[in-house]
Amino acid sequence: SYTTDTKSREENKKTLESLYSLSVDITKIRRLKEWVLLQDVAYVKEIAGILQEMGADETTVANIIERCPEAILHTPAEINSQKALWQLVCPNEKQLIKLIEQFPESFFTTKYHQNQKANILFFQELGLKNNIITRFLTSAPNIFYNPVEKNKNVIETLQRNYLNLGGSEANMKIWILKLLSQNPFILLNTSTTIQENLEFLQKNDFTDQEVLQLLSKLKGFIFQLNSTTMQKSMLFSKNIFKCSDQELKQLVLKCPALLYYSVPVLEERLEGLLKEGISIAQIRETPMVLELTTQIVQYRIKKLSALGYDIKSGNLEGLNGTKKDFEVTYGKIQSKKERPIFNPVAPLHIED
């Protein structure tokens, strides 16, 4: 436990000297986490030594300490243990140093060491590839802070529901691994939340097959919702599109964002589309357009309009999809526009 009472304390001169000798920008640390410089004990040279042994040059060491000053408050033993832990999934020291430089906070969180280790081993047993586990360690480190039993419980709940919904035993492992790879944060939910959300969909007349379809389409985000927000979003969509329960269900299957986004988000996106002269009927025909932010929609409409494509009279398919999808659509429309209307290989009839 480190004290953050900075008033009555002075900066540790020994720490400052050690940092100067490593060319660390101390003003950055003062601005970011000055309390680190006030601690009685710091392991500047030792931590720098471990990083250098792994192949970090002086600039990299300075960069890591500037970005995560509390690194110097860990004992060499703690950091060596953390290094051994990360090497379970990233044995290459050169790659490991690159990761530490990019995500120092994730690496220097040693508080949950035992949980981290147990979870790494559990994910390996589950069949997740090491590069995926490494990605989790850097981008979703808090899933490793859970006791391994909690993560196992969530996975078991998912497996049980997958089979109950008619999924096959043969495909279950692939489904779970894909779901985790797409959205590791589902592990931060409780088994109860997962159960409640699935029951909500079943109560709203989605068949087991449709629920499975939604789970795959939503990449697990459905588990981060709750029945109240889903209910409100569905009711909002029903009123806007003036449709029956059955029609609403089809719209949600077509565009799960109607379930996932909150009412204020849907309202804002709808408003943005209407301002561009797009009708409710067009949106109902292509609801996936609500997955895009207002800024993206405006940008795409502007680009298509420049090619003479009238979005108000056509369908909205051209606006849809990822950035890559849109670029393909845009390219097709552009080449169609630029194509000569005469046949370039036909003989020209020139008068004498």
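The model is a predicted one. A search of the whole structure finds eight salt bridges, and the count of aromatic pairs comes to nine.

**Helix H17**

- Helix H17 runs over residues 263-275, and its 13 residues reach 18 Å from the first C-alpha to the last, close to the 18 Å expected at 1.5 Å a residue.
- Within H17, the residues Val263, Leu266, Arg269, Leu270, Gly272 and Leu273 are buried, and the buried residues of this helix pack against helix H14 (227-241), helix H16 (257-260), helix H18 (280-285) and helix H19 (294-306).
- An α-helix has 3.6 residues a turn, so residues three or four places apart point the same way.
- Just after H17, Gly277 takes a positive phi of about 90°.

**Aromatic rings**

- The count of aromatic pairs is nine, and among them Phe107 and Phe108 form an edge-to-face pair, with 5.0 Å centre to centre and 90° between the planes; Phe107 and Phe108 are both buried.
- Tyr112 and Tyr145 form a stacked pair, at 4.4 Å centre to centre and with 15° between the planes, and this pair links distant parts of the chain, 33 residues apart, with Tyr112 in the loop between helix H7 (104-107) and helix H8 (113-126) and Tyr145 in the loop between helix H9 (130-139) and helix H10 (148-164).
- Of these two tyrosines, Tyr112 is partly exposed at a relative accessible area of 29%, whereas Tyr145 is buried at 18%.
- Phe122, Phe123, Phe136 and Phe144 form one aromatic cluster.

**Charges over rings**

- The charged end of Lys303 sits over the ring of Tyr330, 4.3 Å from its centre.
- Lys249 lies over the face of Phe206, at 6.0 Å from the ring centre, and Lys249 also takes part in a salt bridge with Glu210.

**Salt bridges**

- The side chains of Glu210 and Lys249 meet at 3.0 Å, N to O; Glu210 lies in helix H13 (residues 208-217) and Lys249 in helix H15 (residues 245-254), so the pair ties together parts that are 39 residues apart in sequence.
- Glu210 is buried, with a relative accessible area of 13%, and Lys249 is buried as well, with 8%.
- Asp245 forms a salt bridge with Lys238, their closest N and O atoms being 2.6 Å apart; Asp245 is exposed at a relative accessible area of 53%, while Lys238 is partly exposed at 27%.
- Glu247 forms a salt bridge with Arg284, the closest N and O atoms being 3.3 Å apart, and the pair links helix H15, which holds Glu247, with helix H18, which holds Arg284, across 37 residues.
- Glu247 counts as partly exposed at 35% relative accessibility, and Arg284 counts as partly exposed at 27%.

Conventions: Residues are numbered from 1 along each chain as its sequence is written. This is a predicted model: local features need pLDDT of at least 70, side-chain atom pairs count only at pLDDT 80 or more; totals for chains, interfaces and linings use all residues. Side-chain values use heavy atoms; hydrogens and water are left out. Helices (H or I, at least four residues) and strands (E, at least two) are DSSP runs, numbered from the N terminus. The expected span of a helix is 1.5 Å times one less than its number of residues. Buried means under 20% relative accessible area, exposed over 50%, partly exposed in between (1.4 Å probe, protein chains only). Contact means heavy atoms within 4.5 Å. Rings of Phe, Tyr and Trp (its six-membered ring) pair if their centres lie within 6.5 Å; planes under 30 degrees apart count as stacked, over 60 as edge-to-face and the rest as tilted. A charge sits over a ring if NZ of Lys or CZ of Arg is within 6 Å of the ring centre and within 35 degrees of the ring normal. A salt bridge is a side-chain nitrogen of Lys or Arg within 4 Å of a carboxyl oxygen of Asp or Glu.
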